[in-house]
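Here are my notes on how two of the chains meet. Please read them against the model.

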Protein chains: 4
Amino acid sequence: MTDELILTEIDSLGSAKIVSPVRKGENGFTNYDFVSDDERVLIEVEWVKLAERMKNESPIPSFEMAGPRDKIYFDPSKLKCALVTCGGLCPGLNDIIRAIVLELHYGYGVRHVFGIRYGLQGFIPQYGHHMVELNPEAVTNILEMGGSILGSSRGPQPVEDVVDSLERMNIGILFMIGGDGTIMGASKIAETITERKLNIAVVCIPKTIDNDIHLVSRSFGFDTAVDVATQAIKAAHNEAESYPNGIGLIKLMGRYSGFIAATAALAEQNVNFVLIPEIDFDLEGDRGLLKTLQKRLELRTHAVILVAEGAGQKYFINKKVEKDESGNVRLKDIGPLLKEEITSYFSNKGMEVTVKYIDPSYMIRSLPANANDGVFCSFLGRNAVHAGMAGKTKVLISHWNDHFVHIPLAATAGKRKHVDPCGALWRSVLEATGQGPLKNHSEE
Amino acid sequence: MTDELILTEIDSLGSAKIVSPVRKGENGFTNYDFVSDDERVLIEVEWVKLAERMKNESPIPSFEMAGPRDKIYFDPSKLKCALVTCGGLCPGLNDIIRAIVLELHYGYGVRHVFGIRYGLQGFIPQYGHHMVELNPEAVTNILEMGGSILGSSRGPQPVEDVVDSLERMNIGILFMIGGDGTIMGASKIAETITERKLNIAVVCIPKTIDNDIHLVSRSFGFDTAVDVATQAIKAAHNEAESYPNGIGLIKLMGRYSGFIAATAALAEQNVNFVLIPEIDFDLEGDRGLLKTLQKRLELRTHAVILVAEGAGQKYFINKKVEKDESGNVRLKDIGPLLKEEITSYFSNKGMEVTVKYIDPSYMIRSLPANANDGVFCSFLGRNAVHAGMAGKTKVLISHWNDHFVHIPLAATAGKRKHVDPCGALWRSVLEATGQGPLKNHSEE
Amino acid sequence: MTDELILTEIDSLGSAKIVSPVRKGENGFTNYDFVSDDERVLIEVEWVKLAERMKNESPIPSFEMAGPRDKIYFDPSKLKCALVTCGGLCPGLNDIIRAIVLELHYGYGVRHVFGIRYGLQGFIPQYGHHMVELNPEAVTNILEMGGSILGSSRGPQPVEDVVDSLERMNIGILFMIGGDGTIMGASKIAETITERKLNIAVVCIPKTIDNDIHLVSRSFGFDTAVDVATQAIKAAHNEAESYPNGIGLIKLMGRYSGFIAATAALAEQNVNFVLIPEIDFDLEGDRGLLKTLQKRLELRTHAVILVAEGAGQKYFINKKVEKDESGNVRLKDIGPLLKEEITSYFSNKGMEVTVKYIDPSYMIRSLPANANDGVFCSFLGRNAVHAGMAGKTKVLISHWNDHFVHIPLAATAGKRKHVDPCGALWRSVLEATGQGPLKNHSEE
Amino acid sequence: MTDELILTEIDSLGSAKIVSPVRKGENGFTNYDFVSDDERVLIEVEWVKLAERMKNESPIPSFEMAGPRDKIYFDPSKLKCALVTCGGLCPGLNDIIRAIVLELHYGYGVRHVFGIRYGLQGFIPQYGHHMVELNPEAVTNILEMGGSILGSSRGPQPVEDVVDSLERMNIGILFMIGGDGTIMGASKIAETITERKLNIAVVCIPKTIDNDIHLVSRSFGFDTAVDVATQAIKAAHNEAESYPNGIGLIKLMGRYSGFIAATAALAEQNVNFVLIPEIDFDLEGDRGLLKTLQKRLELRTHAVILVAEGAGQKYFINKKVEKDESGNVRLKDIGPLLKEEITSYFSNKGMEVTVKYIDPSYMIRSLPANANDGVFCSFLGRNAVHAGMAGKTKVLISHWNDHFVHIPLAATAGKRKHVDPCGALWRSVLEATGQGPLKNHSEE
């Protein structure tokens, strides 16, 4: 992070001149603390590293603090907003929808909020999805529901068509909730808006159950995912322990990062191996997974393995080549691959094992948020509204060093966080599992 | 049930002459109601059918009531008992283990109870599994654990070896908890015991998460299974509703019967199709599943399908022939088959759908029992002890017409309950789902 | 039960002549099994007792089987129905409302179903509560909600006014869900209907979280209540175990019966004392609760006590006299009384104890039903509709000997089930707790 | 925080010279990143405020980063550690115990870890509590248990006796888990250790379910508490909504701060009033709670009120005076007071209301930690071990600006965090509830 250029300034549609209605209202605030654009949160809070940067950089990299401004850009009585959820499901989508609608309605008096159905598809006329009018009544009981009341869809839609649609609807703020692809899409939409000289703010809330968005210390839904993943681990442990040489194998989400698997392993007490995309491992060989698993079974007669869906990708390159003729594309999934490899390894050894494979992914993604994520989503949604009302655009709401901040879309789009192989999280996993390096040759 | 011969008399090792220690003890019972062998529960409680039988049969078929007897066969101070759990995991195993141990210890003063490890394997010396001494201390905190603290294994072991082992250990009562295979195994063990003229009682508690044992109106773990299955249904519904033409497909347990799928469909509000082994259905054709699913999607844009693992077996016979050369045995699993058929059907129609497939089986089997099953298991375990102490053998503890009863192993082994296509359960499922017959040609 | 007159014949409004629309419909039933009024479930299923009755009584007492009839009394196209929930909350109310509405709508084609707001108040114009039109749309998502979507209220309303209201609305079937008081109220309403020669069927579903309605083996919500009560027990146990001489004291529901407390004690592993209305106990004295509790603490340093709200009423008679001047009516609550008595007993002994008191009642009553109760409610609701459509009146839907049956209101109103001090439930509690008689003088 | 002196330097027993065994071990770390004492986390991360401080203060206030050091002070092969949990229960105690034991054992090879029973009582011989030897086996299955496996007790014990005991046991590191009182006690113990020139490190982990410890951004158990509190809110809402003018009143923990109540209100969707110690409110008067509640009921017919146990203390001062003669000390509890005030207010108005009061405190405190708290506790425990092994003393493990840090006991003892009346949390509560100021006269 320290050795790259970070653009931290937030674009805006123009100067915010309207007095914010949240100042003094029915809520009875008399000493309302607005947030000023000058309030900024340091990106680097470790003093030695910061001092180093202070010698060379000016200004010191920092993010604008999120929160309500005393002046706003849009006239609430005329403003129309649109809200869209994109990509895979993630616990908390409805909490964010609800927070945005309530803050717009009660906090600012905005009366026209439109929910776009099924992701970006909802902007494209030929799909025929109707918009939903969102008001407090419509969102009052949605927290217990999982999924998104607006629906979602994957993949991009033509940017020009989306902006046409925004123009036709006379939208002032577009709230987009989605993952990396959505953030990149939002950037393009915002560029086109700029090119057309439209007054439309684009405000994003980053969504990734994997918790791997760059410059976002925590993303919503992750905590719920870990919570529920522990139930799968318990099940796998019970199955493993109940049979001689029982092996519980659980595939968890984590396409490019292993945060869910690593964190869930710390939340539960019975995980023996964690395999994640960031850490290479060998299957074969003296220190490989299979041999190490065999030793574990010989010692303790049961084992639990967590594998992130993106782990061990190197095995598919080999596999593909090997099995090309049979056209077997099914093996791209690490879970079944591991199950097969384990089964055939022990079968060759003449050692009877029982492998129980659990893939709880869809039982996790579609859940309602737990309380912690619910509160977090409520702040994300409210801060997105504050940002949009102040005329901020091309902005993403992040949580950084324990504060809610504004991040320019350009600073994070296309980049990812990873589990640091030398950091405290992975170190704790290694200590908790005792799994060792699982590599035949050390990296050095 | 009414048109077959039911043997309802329970074998015993000999006359029970010892005064039961539960009569008056520290518990302060002063008006203890023992159960007499004369107390019997009618098998048929519908009066017209019963009256019909009374004309022709004598005696009227009835089961011996379970419960403590005032005279017992075994001398508690000398008795040794063995306890074994066999087959797949099922919520409640530990509850039963605990109830048996506590009743033997506190109710009768038996001091030697041995837990056999890993199912029948634990009787066979070459596996090298050590027995576990079971006392109140050992079982005090096991209710929260899923699985079986004794472990389990599948498949039979040589009957003679098992009986050798029982003889060697000088066991008086063998408690066996297992499914249909175990009950048949128990019969053979009991026969061999009889042949060898040993004084060993064999008492079974029927285990089947599918709830399909003949003459057993409810089996433990089923309620917990339905409970948890509803969580998978919620997830599937959320996924389905969140995408255009979203389809949630859940495979539930039910090899020969559809009780779990049918009951779970009634417990939740959003199931549109239930496929079970007892009810034939067509995939293709105007009234087949695929076409009916298409209509549902056109009308409501999402659908949830529950399929019991044993449903639609006819499709594997065809498939096998078709794909024999490629040796693809994977398709024996109805879940993935349905997923493929649905995907390819809509792909051919050019209709974009999203199918999310959930298989929660191992997350269900290994759970601890819910409160309801816990209480039920506690009664099963205690009644098994009462039966064994009274010298009953070749007996199974069942729940019938709201009473705990004794059933001879011979009466139930090898037979199954099924969902009645004309009964109230399936009728309610049809009403709740509105799925229709899913058959191109009616049965008539 | 055996020594009292049981009226088991069900009243009806007249002969059912209309062919039931459930016979063959979109559901594709081809072999629909209707239930005939001749199908009856024996009340007594223990053979010896039954044989005894058969000598003396004719006919043998039995209940009419519930379920759909092939002829119905009401013309669905003209029928209007009303539905009301009365008294305290209980898990499952919404499940029943939903089942009744769906069965009327889809099963019979009834298009006018009215929900009465806030119990019987909703019939009385001066309260100004508006009725709610109930259709599938209105009930589609109510299972996750606790409470009753119709609301409730306690206490009676003038019978004549209620019947006026029914007449004004032109109601054909009135569905009432409520406890003992409601059943008695329903009887009076039905009598007035008869007197006025109106064609209004009154069908009740018995509600009591305490599970103590006469001739009803299981009432809805009870299972959920036990389920949640176990969480309070776990909490109390954890508190008790974490302090020297820690005592966890939990008050559970059970005004006249101890089914919840007794059953919850069996579902959990850590209860040491269960106090219920049916079993007298002494506080003072050598074998009284306080001394026995002291012994338990000396032996094990912690204890958990479950008390049903109606237990130990004899102590209030004394207390009232003692404290009458101070007008202190607060002590009618056994929970705080026990807490005080325990605290002061050990304080007098100079023995330091920590008492943690938990009253989870309102956290239980207002919950949604668990899966088991949900399915049960679904059958209750559907059978209530079948009964009403067939013109049955003054009838209550019960579950008896594992079958859903019709019971005349007169047979059960004003009577209660109790925990049998000599039965298997209480015996198991005594065995599980080892609490002993808690009486200084035995009953003999 | 900015206008007070913060001592941020951590004491140590002496120079750490032994090479840490975690460097390269069975875990296979080859690039292990140790934390250096020079790595420090800024206390203030808002740039403007920081820049201000940088002008005046030197050095800039910062906390030492927690984590493993490459040199340690104690020789693991000789070290003995003691571990004690003090004060009220809080979810996560067992998770911390487990993490400390596992890190000492596997991370450093320490073989002697003693658990002190029942808080500080366990150090005092006359209580007769025996120590517990803690090793991996002893802590392997404790995460599912609530409470503390060591037990706890409230109140101080003589400092000299505690240190005598530590000396007698030859303890090198004392781990203390407890609240504000415990931290102050730890300071005194550490002072006495210094006076006696003993080589005993004292390392604290702050425990407060209220989350109100100064300089600790998050304390363990808080997240679980909020999670469970939402269940009580749901119950209260269901009760409130089900009766005409239904009022659900929930008392939550929060003696001096309202973090739990405020956060839980954001996690749930149905709270109308939140009362916390930090924000004064009036009961009577035109803008007081009672009148505002009346308006809410007239508008919406039901209401939910959350009250932190420490809210509204001013009413007890008055009450005490008024009711002194009757000696009624019971009213110190705000929950029952509010219930009475509300009931009598509406009774005087002749307006029928139903108040349901829920106090879930003991059902929350004694729960096991949820996954999020579990992971957090695991890091707290491991970092406490790293601190102690490095010879740090008089130190507390905190989480600050998203990093685990060391804080001197002196910096935090006796001080509290409060909900900021002008901050984002309370602002969100006001927006979510719409409750208004609840004061007759504004503060200005």
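1. Of the interface residues of chain D, 100% are also interface residues in chain A, so the copies meet through the same surface. Contact here means that C-beta atoms, placed from the backbone, lie within 7 Å. On that basis, 55 residues of chain D touch 55 residues of chain A.

2. This is a predicted model: local features need pLDDT of at least 70, side-chain atom pairs count only at pLDDT 80 or more, and totals for chains, interfaces and linings use all residues. Residues are numbered from 1 along each chain as its sequence is written, while chains are lettered from A and ligands numbered from 1 in the order in which they are written.

3. Chain D can be laid on chain A with an RMSD of 0.0 Å, by a turn of 180° and a shift of 0.0 Å along the axis. The two copies are thus related as by a two-fold rotation axis. In chain D, the C-alpha nearest the axis belongs to Asn401(D), 2.3 Å from it. Superposition is by least squares on the C-alpha atoms of residues with pLDDT of at least 70 in both copies.

4. How far can the model be trusted? The scores are ipTM 0.92 and pTM 0.93. Over residues 320-331 of chain A, the pLDDT is below 50. Beyond near neighbours in sequence, this stretch has six contacts in the model. Where pLDDT is low, the predicted coordinates should not be read in detail.

Terms used. Contact = placed C-beta atoms within 7 Å. pLDDT = per-residue confidence, 0-100.
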